[in-house]
Amino acid sequence: MAIIEVKMLSGYIPDKKSVQMLQQSSHLVKKTEVQTNHVLLYLEELSHNASKFAFYVEQEVVVKNLKPAVVKIYDYYEKDEHAITQYVDPCVAEAEKESNTR
């Protein structure tokens with residue numbers, strides 16, 4: 001079993017219904033947990049094939065200079081086996097990209 005831990009961007013909260021829909025729409029997602037500041041996806045197994053999991057978030061508070069948030073995947077039984085990456089709000093990233101080209 002593997003766990004994907006998605007930390008929320010500052011000022012954002014996860015949409016509980018869209019997270020719960022992952023259990024119904026993906027045979028890989030066995031369980032979900034939603035907190036104010038993160039989402040946990042419990043996967044039955046991992047394969048060498050790429051998988052995509054998406055859910056909605058809601059901006060609750062406007063935060064300036066938004067920093068990337070962390071996504072971590074790890075083996076439930078061997079927590080030392082893990083991978084970490086970051087993500088940003090695509091709207092903010094696009095706006096910053098446009099302002100840098102002017």
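## Report on a predicted single-chain model

Of the chain's 102 residues, 27% count as buried; buried means under 20% relative accessible area, exposed over 50%, and partly exposed in between (1.4 Å probe, protein chains only). This is a predicted model, in which local features need pLDDT of at least 70 and side-chain atom pairs count only at pLDDT 80 or more, while totals for chains, interfaces and linings use all residues. Residues are numbered from 1 along each chain as its sequence is written, and side-chain values use heavy atoms, with hydrogens and water left out.

### Overall layout

The chain has 2 helices and 7 strands. Their order from the N terminus is β-β-α-β-β-β-β-β-α. Helices (H or I, at least four residues) and strands (E, at least two) are DSSP runs, numbered from the N terminus. Contact means heavy atoms within 4.5 Å. Among contacts between residues at least 6 apart in sequence, 61% join residues at least 24 apart. The chain exposes about 7,700 Å², of which carbon and sulfur atoms supply 49%; accessible areas come from the Shrake-Rupley method with a 1.4 Å probe, and for residues only the protein chains shown count as cover.

In soluble globular proteins, nonpolar side chains tend to be buried together. The largest nonpolar core here has 11 residues: Ala-2, Ile-4, Val-6, Met-8, Val-19, Leu-22, Val-29, Val-39, Leu-41, Leu-43 and Phe-55. Two or more of these residues come from each of β1 (2-7), α1 (16-25) and β4 (38-43). A nonpolar core is a set of buried Ala, Val, Leu, Ile, Met, Phe, Trp, Tyr and Cys residues joined through side-chain atoms within 4.5 Å.

Val-29, a member of this core, is found in strand β3 (residues 29-34). Val-29 is buried, with a relative accessible area of 3%. Leaving aside neighbours within four places in sequence, Val-29 is in contact with Leu-22, Gln-23, Tyr-42, Leu-43 and Phe-53. Val-29 and Ile-4 are 25 residues apart in sequence, and their C-alpha atoms are 9.9 Å apart in space.

### Charged side chains

Side chains of opposite charge can pair when their charged atoms come close. The structure holds 2 salt bridges, a salt bridge being a side-chain nitrogen of Lys or Arg within 4 Å of a carboxyl oxygen of Asp or Glu. Both are listed below.

| Salt bridge | N to O distance |
|---|---|
| Lys-7 and Glu-5 | 3.2 Å |
| Lys-31 and Glu-33 | 3.4 Å |

In the bridge of Lys-7 and Glu-5, Lys-7 is partly exposed at 34% relative accessible area, whereas Glu-5 counts as buried at 17%. In the bridge of Glu-33 and Lys-31, Glu-33 is partly exposed at 25% and Lys-31 is partly exposed at 42%.

### Aromatic pair

A pair of aromatic rings is described by the distance of the centres and the angle of the planes. A search of the whole structure finds 1 such pair. The rings of Tyr-76 and Tyr-77 have centres 5.0 Å apart and planes at 85°, so the pair is edge-to-face. Rings of Phe, Tyr and Trp (its six-membered ring) pair if their centres lie within 6.5 Å; planes under 30 degrees apart count as stacked, over 60 as edge-to-face and the rest as tilted. Tyr-76 is partly exposed at 37% relative accessibility, while Tyr-77 is exposed at 61%.

Ala-83 lies in strand β7 (residues 82-87) and is partly exposed, with a relative accessible area of 39%. Beyond its neighbours within four places in sequence, Ala-83 is in contact with Val-71, Lys-72 and Ile-73. Ala-83 and Ile-73 are 10 residues apart along the chain, with their C-alpha atoms separated by 5.4 Å.

The loop between β5 (57-59) and β6 (69-75) contains Asn-65. Most residues other than glycine have a negative phi. Asn-65 has a positive phi of about 55° although it is not a glycine, and it counts as exposed at 64% relative accessibility. Val-61 lies in the loop between β5 and β6 and is partly exposed at 45%. Val-61 and Tyr-12 are 49 residues apart in sequence and 6.8 Å apart in space, C-alpha to C-alpha.
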